[in-house]
Amino acid sequence: MTTIPKRHNRERRLGSGSIPPWWFAAPAMLLFAFVVLIPSARGIYYAFTDWDGLSPDFSWVGFGNFTDMVGDPNARQAVWHTLVLAVAITIIQNGFGLLLALGVNTMIKSRNVLRVLLFAPAVITPIVTAYLWRNLLGPDGAVNSLLGAVGLESWRQDWLGDPQLALWAIVGVIVWQFAGYSMVIFLAGLQSVPREIYEAAAIDGTGPVRRFWWVVRPLLAPAFTINLMLSIIGGIKLFDQVYALTGGGPGHATDTISTLIYKDAFTLGEFGYSIALAVVLTIIVAVASTSQYFVLSRNERAAS
Amino acid sequence: MNRYRWRTFVLELVMIAVALVVAFPVYVLVNLAIRPTSDTSSPIRPTTSPTLDNLTQAWQEGGLGGALANSVLVTTASVLIVLAVSSLAAYPLARATARWSRGMFLLILLGLILPFQLAALPLYQTMRDLGLLGSVWALVLFYAGLQVPFTTFLYVGFMRALPRDFEDAALIDGCRPLEVFRYVVFPMLKPITVTALVLNAIAVWNDFFTPLLYLSGSDQQTVPVALAGFVGQFVSDWNLIFAALVISVVPILAVYFALQRSIINGFAGGLKG
């Protein structure tokens, strides 16, 4: 007697009833729309105007801001700096991160302590590490003192004051802070490599380098995808560290798209132009992340 | 390969040397923060007369107490909100296959790509019109929305790999969908909730650009903004600046070393995908 209503209940529930109602997503989507979607859409609109951020009236200038950008050496330089930073950070940070992960993923006794220590910089506020390094890299800073102490007097530099070096000094600071982050993700990938596979290759007499290339590397493909995506997008959007280390200087030698957006909007009052720069930034991020996603996921499939 | 050989020992030494190089800036940070301003010797020489004067002065003059309180408030409130709304949103997005659900998920993916610089300026105008500039609640609202795409994305990925049997059983027993979520689904999400908590808390606590925009000119500050103001005020008094940096770093590192296992696993686990 009791089974009949139960079965009825079950059929009703498992039909459309087992799918959670759409309004569960409403609070999140409303917040997301208010903070990201609607302002972004308005941003794209403002990019085609000469709005100064304050006055209620502004006019449509079509692609004016974008053609101005082509003729603006600061903007062209900022795009170039952004790309150099993103590519250099991605290659160097992940190179170090991978080496650290391989080193920590061995029998060494200090491996657990090292993992915790090497990752620690990644949780420190970037603006704090940037101010710290601004002093360390100064003419009388600790880096030059250290070079002097080990007899490399001639290597001493004004790291952040030299337009040729400043961009690379920023790369160095970012790599110092986030190589441990890449390491942790590679390490998670390495630990998913089954021990037996590795040992089988070792017994077959495969050397460590070939073992890495043919056995470990393909299994690390997902870790590569995540690390490369994170560092290239992070590198393109970079603001805090550049702002605190050099403020875009000396001159405009380290201005990135993000620092230029900030300066144009808040010191020059050129909101329209500034948002046009943000649109360019968006396009670069979108192209980089989607193309990377497709290339790397194809490699992942090929590897699996 | 499981034995500790001389090559392993060499590797051990190399790795420890690398760790010392990585730790070197932190040593200089502490060394300068605790030495008297009169000491102008090389920054790499350990100080002979350590003092806490810089730390007390930085604490008194930097407004760091209020900034720390604001940072704790903003981080806690916004992370709790974003975890609640995103996990709830992920439930239908992971389970339903209807067009509205796929459409919303595409918007979430779009949100992962959009750099916040695009939305920052128009949103600044909206916040100004609403009279929210200079309020920490504007920041809570901002982060709660900004972190939705990333957090929802993590939850949806995790939830799709979960079996549906428990939910179905609870529904058969007559639970309402909200109860199913609260008592059955959400507890199963614990691993990804830890990951989302760690990643969001670090992102919100460390953010500088947004509070620089939305709090500038007010007496409300978060830690990164207070530090930037402090550096602007004490331009070249690096002992004092380093003392302020030490004060701001201690809480983060204390939490990190206390919870290092969950934090590192949180970073690696959720991102392994």
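In this predicted model, six residues of domain 1 of chain B are in contact with six residues of domain 2 of chain B. The side of domain 1 of chain B that touches domain 2 of chain B consists of four nonpolar residues, one polar residue and one charged residue. Domain 1 of chain B spans residues 6–51, and domain 2 of chain B spans residues 62–272. Between the C-alpha centres of these two domains of chain B the distance is 34 Å.

**Helix packing in chain B**

Helix H3 of chain B runs over residues 64–95 and helix H6 of chain B over residues 136–146; their axes come within 8 Å and cross at roughly 35°. The crossing of H3(B) and H6(B) is right-handed. On the H3(B) side the contact is made by Asn70(B), Leu73(B), Val74(B), Ala77(B), Ser78(B), Ile81(B) and Val82(B). H6(B) contributes Val136(B), Leu139(B), Val140(B), Tyr143(B) and Ala144(B). Sorted by class, the residues in the contact of H3(B) with H6(B) are ten nonpolar and two polar, with no charged residues.

**The contact between chains A and B**

Chain A puts 82 residues into its contact with chain B, and chain B puts in 76 residues. Helix H2 of chain A (residues 26–46) supplies the largest share of the side of chain A that touches chain B, with 14 residues. That side of chain A has 58 nonpolar, 16 polar and eight charged residues.

**Annotated spans**

An unreviewed UniProt entry lists residues 79–292 of chain A as "domain: ABC transmembrane type-1". For chain B, the annotation "transmembrane region", also from an unreviewed UniProt entry, covers residues 9–30, 72–93, 105–124, 136–159, 180–205 and 240–259. The table gives the computed end-to-end distances and secondary structure content for the annotated span of chain A and for two of the annotated spans of chain B, residues 105–124 and 240–259.

| Span | Distance between end C-alpha atoms | Helix | Strand |
|---|---|---|---|
| Residues 79–292 of chain A | 19 Å | 73% helix | 0% strand |
| Residues 105–124 of chain B | 26 Å | 90% helix | 0% strand |
| Residues 240–259 of chain B | 29 Å | 95% helix | 0% strand |

Key. Residues are numbered from 1 along each chain as its sequence is written. Chains are lettered from A and ligands numbered from 1 in the order in which they are written. This is a predicted model: local features need pLDDT of at least 70, side-chain atom pairs count only at pLDDT 80 or more; totals for chains, interfaces and linings use all residues. Two residues are in contact if their C-beta atoms, placed from the backbone, lie within 7 Å. Helices (H or I, at least four residues) and strands (E, at least two) are DSSP runs, numbered from the N terminus. Ala, Val, Leu, Ile, Met, Phe, Trp, Tyr, Cys and Pro count as nonpolar, Asp, Glu, Lys and Arg as charged, and the others, Gly among them, as polar. Axes are lines fitted to C-alpha atoms, for helices over the stretch in contact, and angles run from 0 to 180 degrees between N-to-C directions. A crossing is left-handed if the near helix is turned anticlockwise from the far one by less than a right angle, and right-handed if clockwise. UniProt positions are given in the numbering used here, feature names are shortened, and annotations may be inferred rather than shown by experiment. Domain bounds come from an automatic or database domain assignment.
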